[in-house]
Amino acid sequence: AWFDYPQNIDGFKASFFYQDTSPNGADGFAFVIQNSAQGTNAVGGSGGFLSYAGTTMITNSVAVLFNIFNQSGITFATNGVIGAFAPTAPVNVPGGDLIEIDLSYLGSVLNVVVSNTASAATFTTNYTVGSLAKTVGTNVAFVGVTAATGGISSIQEISYFQYIPVPRSEERRVGKECRSRW
């Protein structure tokens, strides 16, 4: 699922709720920013590729991926290539509870907060990612989510998705005062 039009990615706050309504299913989901030639038709492979990677990977992209199969976890990826997943303990993302995902990016660090709304458990991580615009090839790109199942089916629900571009402040000196423009 993609926004219909490219969004500014110089800085942003994004949030949504996730729930695996068939607890401990497979395979997972991803928050993706992409400038693929396929635009809103971009899709990767099924199963463990989370509709992001595989032979039909989404290129010119960055993603935060959540694996919910077996040893569930989180990873940051670029250009459709998935690395190792790290645990999100104490938050059990595939456990069936409603999970809130909050992402923020400004500068070169992507902050991810994963919260279980039932137990109040929270997992936080930061990825030093540099310029997202440099990776995807532009500062305006398609933003959305992908998800997939494989050998074990799962009903994964994403709701209340919000994406808010946060422009960088530009400071300039005028005489002796400093003004910031947002």
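Modeller: What follows is a talk about the labels given to parts of this structure. Keep in mind that the model is predicted.

Biologist: How do you know how confident the predictor is in the chain?

Modeller: Look at pLDDT, which runs from 0 to 100. The chain averages 90, and 92% of the residues score at least 70. Residues 171-182 are another matter: pLDDT stays under 50 there. For that stretch the model has 15 contacts beyond four places in sequence.

Biologist: What makes β1 and β5 edge strands?

Modeller: Start with the order in the open sheet: β1-β9-β3-β4-β5. Its five strands pair antiparallel. β1 (7-8) and β5 (73-78) each pair on one side only, and they are the edge strands.

Biologist: How do you know that β1 pairs with β9?

Modeller: Pairing needs at least two bridges between the strands. Two bridges join β1 to β9, so the pair meets the cut-off. In one of these strands, β9, Ala141 is the bridge partner of Gln7.

Biologist: What joins β9 to β3, and β4 to β5?

Modeller: Seven bridges join β3 (residues 28-34) to β9. There, Gln34 stands opposite Phe142. Six bridges join β4 (residues 61-67) to β5. Asn67 has Gly73 in β5 as its bridge partner.

Biologist: Why is Gln7 called buried?

Modeller: Its relative accessibility is 18%, and buried means under 20%, so Gln7 counts as buried. Gln7 is in strand β1. Its contacts beyond four places in sequence include Asn139, Val140, Tyr163 and Pro165. The side chain of Gln7 also reaches the backbone oxygen of Tyr5 at 2.9 Å. A polar contact needs a distance within 3.5 Å, so 2.9 Å meets that distance limit.

Biologist: What makes β9 a mostly covered strand?

Modeller: Seven of the nine residues in β9 (residues 140-148) are buried.

Biologist: Why is the pair of Phe17 and Tyr160 called edge-to-face?

Modeller: Take the distance before the angle. The ring centres of Phe17 and Tyr160 are 6.1 Å apart, and rings pair when the centres lie within 6.5 Å. The planes stand at 85 degrees. Over 60 counts as edge-to-face, so this pair gets that name. It is one of twelve aromatic pairs found in the whole structure.

Biologist: What parts does that pair tie together?

Modeller: Phe17 lies in strand β2 (residues 11-20) and Tyr160 in strand β10 (residues 156-165). The pair therefore ties together parts that are 143 residues apart in sequence.

Biologist: Are Phe17 and Tyr160 buried, partly exposed or exposed, and how do you know?

Modeller: Phe17 has 21% relative accessibility. Tyr160 has 67%, and exposed means over 50%, so Tyr160 is exposed.

Biologist: What makes the phi of Tyr160 worth a remark?

Modeller: Most residues other than glycine have a negative phi. Phi of Tyr160 is near 55 degrees, a positive value. Asn60 also has a positive phi, near 50 degrees. Asn60 sits in the loop between β3 and β4.

Biologist: Which peptide bonds are called cis?

Modeller: One runs from Ala26 to Asp27, with omega near 5 degrees. Asp27 is in the loop between β2 and β3. Another runs from Ala89 to Pro90, with omega near 15 degrees. Pro90 is in the loop between β5 and β6.

Biologist: Why is Tyr105 called buried?

Modeller: Its relative accessibility is 3%, and the cut-off is under 20%, so Tyr105 counts as buried. Tyr105 is in strand β6 (residues 99-106). Ring pairs link it into a cluster with residues including Phe3, Phe12, Phe66 and Tyr163. A polar atom of the Tyr105 side chain lies 3.2 Å from the backbone nitrogen of Leu132.

Biologist: Which residues touch the most other members of the largest nonpolar core?

Modeller: That core has 31 residues, and Phe12, Phe31, Ile33, Leu103, Leu110, Val112 and Val114 touch the most other members. Elements giving two or more residues to the core include β2, β6, β7 (109-116) and α1 (132-136). A second, separate core has twelve residues, among them Ala30 and Leu65.

How values were computed
Residues numbered from 1 in each chain as written. Predicted model: local features only at pLDDT ≥ 70, side-chain atom pairs only at ≥ 80, totals over all residues. Heavy atoms only, no water. Helix = DSSP H or I, 4+ residues; strand = E, 2+ residues; numbered from the N terminus. Phe/Tyr/Trp six-rings, centres within 6.5 Å; stacked < 30°, edge-to-face > 60°. Buried < 20%, exposed > 50% of the residue type's maximum accessible area, 1.4 Å probe, protein only. Polar contact = N/O pair within 3.5 Å; in protein donor to acceptor, adjacent residues only side chain to side chain. Contact = heavy atoms within 4.5 Å. pLDDT = per-residue confidence, 0-100. Core = buried A, V, L, I, M, F, W, Y, C linked by side-chain atoms within 4.5 Å.
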